[in-house]
Amino acid sequence: MTLPRGFKANAEREALRLRRELDLSDTDALNVDDLAAHLKVKIVSAEKLVSHTRLEELERVQAYAFSAATFQVSGRNVVVTNPLRTPGRRASDVAHELSHLVLKHDLTEIREVNGMPFRTCRPDEEEQATAFGGTLMLPRPLLLGAVRRQWGPAQIAEHYGVTEEMARYRYNTTGVAKQVRGR
């Protein structure tokens, strides 16, 4: 699957616009809870809704079946997160869910895991939310600064509170390392 033409450039512009609205520089770490509050989205840990044991049971049945989900409750968007995830993974999951809202994706598909129905977006919209969520957390200017300091994905992840997988994804897909080496 591929992103629509111009999607990545638009995502970079939108990520920087949102950072400015939050009074962040292009290279500051993004706190997804602050972004959620700015977008008037409530974040709730799933263990406030179901038992921790039930969440662990779901994880045993299908690992990573549930990381986060967005619901509309009384006209307000609520992102429910999985407390079993690491803080870095939770940040990526929240950024992903907020991306669906910013990109105005519709919940169109229903999937069932262990008898629990989940509404999801189309696969192309999931790919867009993953790409945009990564851009929100690690926009190009931030990555360029990190690469100039000779940081690799592990250092980027640690410094900016994301998973190493997210840092590696952005590091590899933006071409920043190649851009810095070419100077």
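# Reading a predicted fold, feature by feature

Analyst: Let's start with D124, which is partly exposed at a relative accessible area of 25%. Here buried means under 20% relative accessible area, exposed means over 50%, and partly exposed is in between (1.4 Å probe, protein chains only). The model is predicted, so local features need pLDDT of at least 70 and side-chain atom pairs count only at pLDDT 80 or more, while totals for chains, interfaces and linings use all residues. Residues are numbered from 1 along each chain as its sequence is written, and side-chain values use heavy atoms, leaving out hydrogens and water.

User: Which residue meets the side chain of D124 in a salt bridge?

Analyst: Side chains of opposite charge can pair when their charged atoms come close. A salt bridge is a side-chain nitrogen of Lys or Arg within 4 Å of a carboxyl oxygen of Asp or Glu. For D124 the partner is R122, at 2.9 Å from N to O. R122 is partly exposed too, with 37% relative accessibility.

User: How many salt bridges does a search of the whole structure find?

Analyst: It finds 11. Some share partners, and in this way E14, R17 and E21 are joined into one network. Another of the pairs is R20 with D26, whose closest N and O atoms are 3.5 Å apart. D26 is partly exposed, at 22% relative accessible area.

User: Where do E14 and R17 lie?

Analyst: An α-helix has 3.6 residues a turn, so residues three or four places apart point the same way. Helices (H or I, at least four residues) and strands (E, at least two) are DSSP runs, numbered from the N terminus. E14 and R17 both belong to helix α1 (residues 7–21), where they are 3 residues apart, about one turn of the helix. Their side chains form a salt bridge of 2.4 Å, N to O. E14 is partly exposed at 23% relative accessible area, and R17 is partly exposed at 36%.

User: Now for the inside. How many residues does the largest nonpolar core have?

Analyst: In soluble globular proteins, nonpolar side chains tend to be buried together. A nonpolar core is a set of buried Ala, Val, Leu, Ile, Met, Phe, Trp, Tyr and Cys residues joined through side-chain atoms within 4.5 Å. The largest one here has 37 residues, and L35, L136, M137, L138, I156 and V162 have the most contacts inside it. Among the helices that each supply at least two of its residues are α2 (32–38), α4 (87–102), α5 (123–137) and α7 (153–160). α6 gives the most, with 5 residues. A second, separate core of 8 residues includes F66, A69, V78 and V80.

User: Is L136 buried or exposed?

Analyst: L136 is buried, at 2% relative accessibility. It lies in helix α5. Contact means heavy atoms within 4.5 Å. Not counting residues up to four places away in sequence, L136 touches A15, L18, R19, L30, L35, A95 and S99. Take L30: it is 106 residues from L136 along the chain, yet their C-alpha atoms are separated by 7.6 Å.

User: Which residues of α6 are buried?

Analyst: They are L142, L143, L144, A146 and V147. The elements covering them include α1, α5, α7, α8 and α9. After α6 comes Q150, whose phi is positive, near 65°.

User: At what angle do the axes of α6 and α8 cross?

Analyst: Two packed helices are described by the angle between their axes and the distance between the axes. Axes are lines fitted to C-alpha atoms, for helices over the stretch in contact, with angles from 0 to 180 degrees between N-to-C directions. The axes of α6 (residues 140–148) and α8 (residues 164–174) cross at roughly 95° and come within 11 Å. That makes α6 roughly perpendicular to α8. Under 35 degrees would count as roughly parallel, over 145 as roughly antiparallel, 65 to 115 is roughly perpendicular, and the rest is oblique. R140, L143 and V147 of α6 make the contact with R170, Y171 and T174 of α8.
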